[in-house]
Amino acid sequence: MRYYADVTMTTRWLTEEEQRTWRLFLQACQSVFAATDAQLARDSGLPHGYYEILVHLSEAPNRALRMTQLARASTYSKSRLSHAVARLEERGWVQRRDCETDRRGQIAQLTGEGFAALAAAAPGHVDQVRRSLMDVLTPDQVEQLGEISAAIIAAAACPAEECHEADNF
C-alpha cells in the first residue's frame with residue numbers, strides 16, 4: 001500500500017520489510033491455527049478453545065480454577081468462557097461450583113471424564129503442533145520464537161503510553 005507524500009501525520013507507517021514481515025506473521029499464525037483447529041475438530045470433536053480450557057484446568061491444583069483465573073489464562077472473554085464451560089458441563093467434562101470464600105465467584109473443575117477426553121485428544125494435537133510449527137524450526141528458532149512471543153505478550157499487556165516511551169523522540 002502506498003501513501004501520498006502530502007499526507008502529514010504522526011503515524012509511523014510500516015516500512016516495506018516491516019509490512020512483509022507483518023503479513024508473513026499473520027499468514028503463519030493463521031496457517032498454524034487452521035491446522036490445529038481442523039485436527040482437533042476432526043479427531044476429537046473439540047474446538048481449540050475448549051481444548052485450551054481443559055488443558056488449563058488439568059494443570060491447576062485439584063484440576064480447578066476460579067472462572068476469573070480461567071478467563072485470564074485462556075483466550076476467552078468472561079462471557080464466552082461462561083458459554084464454553086456450559087458446553088463442557090453438558091458433556092460431563094467440567095463441573096462448576098460456587099466458590100467457598102467468595103459468594104460471587106465460581107470454580108470450574110475438570111472431571112475424570114474431561115481428563116480422559118483431554119488425554120485422548122492430546123497426542124494428535126501435539127503431533128499437529130509439531131508438524132505445523134516445531135519441526136519446521138531449528139532449536140535456535142524455537143528459542144527465538146519463545147522470546148519474540150513473550151515480548152509481544154508483554155507489549156499487549158502494557159498501556160501504549162507507558163510502553164512506547166522510545167517512540168517519543
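Reader: How many of the five residues of strand β3 are buried?

Author: Four of the five residues of β3 are buried, so the strand is mostly covered. Buried means under 20% relative accessible area, exposed means over 50%, and partly exposed lies in between, with a 1.4 Å probe and protein chains only. Strands are DSSP runs of E with at least two residues, and helices are runs of H or I with at least four, each numbered from the N terminus. The model is predicted: local features need pLDDT of at least 70, side-chain atom pairs count only at pLDDT 80 or more, and totals for chains, interfaces and linings use all residues. Residues are numbered from 1 along each chain as its sequence is written, and side-chain values use heavy atoms, with hydrogens and water left out.

Reader: In what order do the elements of the protein run?

Author: There are seven helices and three strands. From the N terminus on, they run α-α-β-α-α-β-β-α-α-α. Of the 169 residues, 25% count as buried.

Reader: What is the order of the strands in the sheet?

Author: Strands of a sheet pair through backbone hydrogen bonds, either parallel or antiparallel. Here an open sheet of three strands has the order β1-β3-β2, with antiparallel pairing; two strands pair if DSSP finds at least two bridges between them. Because β1 and β2 stand at the edges, each with a single partner strand, one side of each is left without a neighbour in the sheet. Neighbouring strands are turned by 25° against each other on average, direction ignored.

Reader: Over how many bridges does β3 pair with β1, and over how many with β2?

Author: Strand β1 (residues 64–66) pairs with β3 over three bridges, and Leu 65 stands opposite Ala 108 of β3. Strand β2 (residues 94–98) pairs with β3 over five bridges; the bridge partner of Val 94 is Leu 110 in β3.

Reader: Is Gln 109 buried or exposed?

Author: Gln 109, found in β3 (residues 106–110), counts as buried because its relative accessibility is 18%. A polar atom of its side chain lies 2.9 Å from the backbone oxygen of Asn 62. This distance falls within the limit for a polar contact, a pair of N or O atoms within 3.5 Å; within protein, one must be able to donate a hydrogen and the other to accept it, and residues adjacent in sequence count only if both atoms are side-chain atoms. Residues up to four places away in sequence not counted, Gln 109 touches several residues, including Leu 57, Trp 93 and Arg 97, where contact means heavy atoms within 4.5 Å.

Reader: At what angle do helices α2 and α4 pack?

Author: Two packed helices are described by the angle between their axes and the distance between the axes. Helix α2 (residues 48–59) and helix α4 (residues 78–90) pack at about 80°, with axes 10 Å apart. Axes are lines fitted to C-alpha atoms, for helices over the stretch in contact, and angles run from 0 to 180 degrees between N-to-C directions. The angle makes α2 roughly perpendicular to α4; roughly perpendicular covers 65 to 115 degrees, while under 35 is roughly parallel, over 145 roughly antiparallel and the rest oblique.

Reader: Which residues of α2 and α4 meet?

Author: Tyr 50, Ile 53 and Leu 54 in α2 meet Leu 81, Ala 84, Arg 87 and Leu 88 in α4. These residues divide into six nonpolar, no polar and one charged. Ala, Val, Leu, Ile, Met, Phe, Trp, Tyr, Cys and Pro count as nonpolar, Asp, Glu, Lys and Arg as charged, and the others, Gly among them, as polar.
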